[in-house]
Amino acid sequence: MPELPEVEAIRQDLIAMDLKGQEIESVIAFNERTLSPTEKMAWDVFFQSPRRIISIERKGKWLLLKLAGGTLFIHLRMSGKLRLTESRRPMTHERARLVIKGGASLSFIDPRKFGRIVLIEKEDASPSIGIDPTEGTFTEEALLSLLSKGQTAIKTWLLDQKKISGLGNIYVDEALFRAGIHPEHPVSRLSLAKKKLLYRSIVGTIQEAIKHRGTSLGTTNQNYSGIHKARGSHQDHLFVYSRQGKPCKKCRTPIEKVRFRGRGTHFCPSCQKPVH
Ligand SMILES: [Zn+2]
């Protein structure tokens, strides 16, 4: 499932394609529920004349196409991808298409159909979610302040997009390993030193994963890849995620995988001691 670094890699692909400044002529739905609003009329009215792309941004896991007079919020959910197409016929698993004036179209491919493209008829709109760890406002003080109100287990807290946006199962497990914090550790019982270490771990994990253009595990069509089908390489740098049974890169103890609140959770039982 694409998380912040994967969506950022896609955003960088779109910027490299010089999409900024081009115009979207229309948005076509092949699966009605992919678009919100679902009524075709709302989209036809908005795109009565082409809309120029002013900027391509991201907040958390949302890709934001800021247009003249409105914003498209794109969420890839479990298996969404963007692809370029010149063909008029829908591609396999294509759920929607952004038709670019005088150029190739952007196809929204989504085998599992959970992805969404949301039209907000407001220029420069942004989703109301928590702070994104790549934003300048994500400081150590900001994290300490947010954590001071935390009452859940740290993994649950980090996955909550209303607290911090963009982290999912992979990068939460990785950041907690780097900070030496057990995933079930209550936020309220974290020491100040651990909280500060967690801040550096989140920033470091995300920066490295962006540099590696995200994590591409497995080879199925549900796996993440960039617009030009390039895979990320962060899977070669993971400490715990999907490494169950393999030796910890720090202490050689086998990495464990448990189910925690319904999520596969990977950790080193020696480097990340549980609290009693
Ligand atoms: Zn270890």
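Predicted model: local features only at pLDDT ≥ 70, side-chain atom pairs only at ≥ 80, totals over all residues.
A salt bridge is counted here when a side-chain nitrogen of Lys or Arg lies within 4 Å of a carboxyl oxygen of Asp or Glu. Between domain 1 and domain 2 the count comes to 1 salt bridge. Arginine 213 pairs with aspartate 13 in a salt bridge whose closest N and O atoms are 3.1 Å apart, a separation that meets the cut-off because the rule asks for a distance within 4 Å.

The domain assignment places residues 4-120 in domain 1 and residues 140-267 in domain 2. A distance of 28 Å separates the C-alpha centres of domain 1 and domain 2. Where the domains meet, 23 residues of domain 1 and 21 residues of domain 2 take part in the contact. About 1,800 Å² is buried between domain 1 and domain 2, and carbon and sulfur atoms give 60% of this area. On the domain 1 side, Pro5, Glu6 and Arg83 account for 29% of the area buried against domain 2, more than any other three residues.

As for secondary structure, helix 1 (4-16) and strand 6 (81-85) each supply at least two residues of the domain 1 side that touches domain 2. Helix 1 gives the most to that side, with 9 residues. By residue class, the domain 1 side that touches domain 2 comprises 11 nonpolar, 4 polar and 8 charged residues.

Key. Residues numbered from 1 in each chain as written. Heavy atoms only, no water. Domains from an automatic or database assignment. Contact = heavy atoms within 4.5 Å. Buried area = accessible area lost by both parts, 1.4 Å probe. Helix = DSSP H or I, 4+ residues; strand = E, 2+ residues; numbered from the N terminus. Nonpolar A, V, L, I, M, F, W, Y, C, P; charged D, E, K, R; others polar.
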